[in-house]
Amino acid sequence: MPKKRMVKPSPRFTPVVERQSNPFENIRNRYFHVKILFYLAICLRYPIDNYDQERGKLQKYFAIDAAFCPECFLPKSNMCVALESRFEFELGDLVEVVNTLIGVKKVHYGKLKGVEGKAVVKHAARERVLEQIKAEIGEVNSPAELDGRLYKLFLKRDRVGFYFCRQSTLNMFVKGLTNYTRSRIETWMHLLVNAETILLPVMNKFSVMAVPTYYGHCGFTIYESYNGITLAEVNKRKISYYQRLQIALRLLFATSALTDGFDNYRVYLTDLTLDNVVYDEKTGNVTFIDLDSVVIVDGDYNRTAATMVEEPPDRWWAIHKYEKIPCKGCFAYTKHDLCSHYQSDINMFSVCQLLNEDLYGDQTKGFLKPIPRFIDITFPALRSKLLQCVRCQDILCDNRFYISIQLAQEIARIIKYFES
Ligand SMILES: Nc1ncnc2c1ncn2[C@@H]1O[C@H](COP(=O)(O)OP(=O)(O)OP(=O)(O)O)[C@@H](O)[C@H]1O
Ligand SMILES: [Mg+2]
């Protein structure tokens, strides 16, 4: 019996009842007073801080990472100094300031000299995690021994973050990623600590849609494009239903492209929440910003070394239809299901779910809920297709991708109606 993976929701995933019109309701927002306190603290503190102090943080992150794995990062310290010096910090809005202070990852906002638009810097390595990895590796005497230990550690660890499905082609995958690092050891470390740092450059190379642009990394700190505000934030604002539909449509297209993955590797996001998708108000684009909780399935059985013959599992060519595993306020899946099919509709499920309901199944709290009454009456298929895309019961939904296309068509029809 395959083991169930339980993924805790992001701590900030707090679906908010839409469009509160009473100002006192807003004030009751759970985090309002905390945010104000943080903001005041920052406003008072900020003039004392200066750029050097902010830059000092980047240097401190690098020092932590280089002490953890000198052979990975020390030889590149000059490149890091150059990258750090190009980053100009900006004091972001309230949400950004709070993110910088309380996020799991340390996120800083600003601009990278020579690059258009805003950039973000994310440092993902928590010292506790690094210490744990160090303890698990133990004493090693040579880089080859370290490489072997990391390989074993990667296979052994039951992590919530990154998972690669096929052991027989894992080395080949790691070799491909090593084009973007200094060594296999560094590649392993990224996969163990925060896979985004190393997946993003390769996804950029293969022009995967709807992911940030990679600018570089120093240790476990990644520099990437800023792609807007989170959908969780958008959800709290008073935006028109027309705008919600536009975002939903982009999201459905982006999800389908993401599932196609790159170079015959499928990409499944296992933490696809409103907090991990951002929306750019200027361009209307949506971007998946958290590429750490990912399952990658090698979809190419011809990739195996010539000396090995490996047959795909029995049901390989059948699309895996994700079925919701009961899990209050969280998202559960079985790795085995994803790994044993050339394609899964799990990303599409996650997106339909966030459009239709929250992680507790409350159908009043989806991104497209509540549906305005006149839309509900004129276009009843919107509600029914949303629900089918989430539940996808055999009798009505043979193929979730097909339903998602029907849903996208219905949304496009309503958008057209608004525009006419
Ligand atoms: N490329 C980006 N563009 C805009 N904002 C971003 C970007 N990357 C991160 N952010 C902001 O930083 C926050 C935290 O980033 P991220 O989701 O990568 O880490 P985390 O939430 O701390 O980790 P996790 O989601 O794995 O628990 C996001 O919710 C978002 O507000
Ligand atoms: Mg996140």
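## Basis

This is a predicted model, in which local features need pLDDT of at least 70, side-chain atom pairs count only at pLDDT 80 or more, and totals for chains, interfaces and linings use all residues. Residues are numbered from 1 along each chain as its sequence is written, while chains are lettered from A and ligands numbered from 1 in the order in which they are written.

## The chain

The chain holds 18 helices and 13 strands. These are DSSP runs, numbered from the N terminus (helices: H or I, at least four residues; strands: E, at least two). Of its 420 residues, 38% count as buried. Buried means 20 or more other C-beta atoms within 10 Å of the residue's own, with C-beta atoms placed from the backbone.

Contacts reach along the sequence. Among those between residues at least 6 apart, 70% join residues at least 24 apart. A contact here means C-beta atoms, placed from the backbone, within 7 Å.

## Helices H13 and H18

Helix H13 (residues 241-260) packs with helix H18 (residues 400-419) at an angle of about 150 degrees, and their axes are 10 Å apart. That makes the two helices roughly antiparallel, a label for angles over 145 degrees. Axes are lines fitted to C-alpha atoms, for helices over the stretch in contact, and angles run from 0 to 180 degrees between N-to-C directions.

H13 contributes Tyr 242, Leu 245, Gln 246, Ala 248, Leu 249 and Leu 252 to the meeting. Among their counterparts in H18 are Ser 404, Leu 407, Ile 411 and Phe 418. By class, the contact has 12 nonpolar, two polar and no charged residues. Nonpolar covers Ala, Val, Leu, Ile, Met, Phe, Trp, Tyr, Cys and Pro; charged covers Asp, Glu, Lys and Arg; the others, Gly among them, are polar.

Three strands form an open, antiparallel sheet in the order E8-E10-E11. Strands pair if DSSP finds at least two bridges between them. E8 (229-230) and E11 (286-288) are the edges; each has a single partner strand, so one side of each lacks a neighbour in the sheet.

Two bridges join E8 to E10 (residues 277-279). Thr 230 has Val 278 in E10 as its bridge partner. H13 packs on this sheet and touches E10 and E11; its direction makes about 40 degrees with that of E11.

## Arg 400

Arg 400 lies in H18. It counts as buried because it has 25 C-beta neighbours inside 10 Å. Leaving out residues up to four places away in sequence, Arg 400 touches Lys 321, Asp 345, Met 348, Phe 349, Cys 389 and Cys 392. The C-alpha atoms of Arg 400 and Gln 388 are separated by 8.1 Å, and the two residues are 12 apart along the chain.

Notes
Buried ≥ 20, exposed ≤ 12 C-beta atoms within 10 Å, placed from the backbone. Contact = placed C-beta atoms within 7 Å. Parallel < 35°, antiparallel > 145°, perpendicular 65-115°, else oblique.
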